[in-house]
Amino acid sequence: MITPASTSTTAPAASAARRDVGAPTPGAAALVREVGGRFLRARPWIVLPVAITNAALTAATAAPLAQRRALAAAIGLALALFVAEAWWCRAHAIGARWLATSLALTVVALAVGCGLSGGLASPLVPLVLAPVVVGVAAFAGSRIAPRLAALLAVALVALALVPRGWPWPPLGAPAVPWMYVASSAGAVALAYVGVTTVVAAHARAAAVLDRLRVATAASGFLSSWATRAPIAS
């Protein structure tokens with residue numbers, strides 16, 4: 001995470017205190033706001049074709065009607081919440097807590113969807129990785145990143161413990177391979193958007209710092225030259 005340089009003697013202590021509680025420093029918070037806003041606004045448009053594809057493929061399987069309805073409801077609810085969140089983000093700044101909570105809830109919601117469609121055998125499993133990849137990239141250097149990784153580990157262990165066939169049997173062929181393809185493509189697209197947004201934000205912040213360093217160096221040189229120049233009588 002990028003943290004602002006400072007010559008103040010109190011800045012390192014303040015930065016250390018913020019790191020102790022897992023909160024981002026001011027420069028890092030600005031980066032998280034930018035990344036969070038861009039990612040959350042783009043997410044519904046990436047998820048929409050994946051959701052439609054998986055819902056249609058699920059309807060084409062021989063799964064019990066109750067299972068198909070439950071999965072369709074879960075997919076539709078998640079997509080509706082993503083759309084509402086993206087709309088809200090258009091007029092509000094996204095803080096670190098909001099982004100971290102949103103990503104964590106996404107992991108939980110996707111894990112529930114996997115539990116309804118076969119546990120670790122569910123074709124939705126690849127999607128669970130995407131919010132964690134984005135979170136680790138956005139919160140690298142803070143305590144939020146390992147917490148999201150730990151949440152993913154807990155979710156995978158929980159899915160491994162789901163008894164086979166409970167509450168419904170895994171989805172059957174021929175839809176499952178294509179659902180894996182759709183889910184994997186969606187996970188890659190989400191991770192790509194999130195990570196490239198983080199990299200671009202870091203690059204812009206580094207460019208700003210470089211310009212400030214050049215301007216500061218030039219100002220110091222001119223100030224030094226002015227103090228040493230002889231004063232004309």
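**Helix H6 and its surroundings**

Helix H6 takes in residues 144-161, so to speak a run of 18 residues, and spans 26 Å between its first and last C-alpha, close to the 26 Å expected at 1.5 Å a residue. The model is a predicted one. Six names make up the buried set of H6, namely Ile144, Ala145, Leu148, Leu152, Ala155 and Leu159. These residues sit on the same side of H6, because the arc they cover around the axis is only 110 degrees.

What, then, covers the buried residues of H6? The cover includes helix H4 (96-115) and helix H5 (125-138).

Helix H4 is worth a look of its own. H4 has 20 residues and reaches 29 Å from first C-alpha to last, close to the 28 Å expected at 1.5 Å a residue. Quite a list of residues is buried in H4: Ala96, Leu99, Ala100, Ser102, Leu103, Thr106, Val107, Ala111, Gly113, Cys114 and Gly115.

Cys114, which lies in H4, makes a handy example. Its relative accessibility is 0%, and therefore Cys114 counts as buried, the limit being under 20%. Setting aside neighbours within four places in sequence, Cys114 is in contact with Gly119, Ser122, Leu124, Val125, Val128 and Leu159. Pro170 is 56 residues away from Cys114 along the chain, yet 9.6 Å separates their C-alpha atoms.

Another cysteine, Cys89, also counts as buried, because its relative accessibility is 2%. As for disulfides, a search of the whole structure turns up zero.

Now for the protein as a whole. It has seven helices and zero strands, and along the sequence the pattern reads α-α-α-α-α-α-α. Buried residues make up 36% of the 233 residues in the protein. Looking at contacts with a separation of 6 or more, 80% of them are between residues 24 or more positions apart.

Key
Residues numbered from 1 in each chain as written. Predicted model: local features only at pLDDT ≥ 70, side-chain atom pairs only at ≥ 80, totals over all residues. Heavy atoms only, no water. Helix = DSSP H or I, 4+ residues; strand = E, 2+ residues; numbered from the N terminus. Expected span 1.5 Å × (residues − 1). Buried < 20%, exposed > 50% of the residue type's maximum accessible area, 1.4 Å probe, protein only. Arc of directions from axis to C-beta. Contact = heavy atoms within 4.5 Å. Disulfide = S-S within 2.5 Å.
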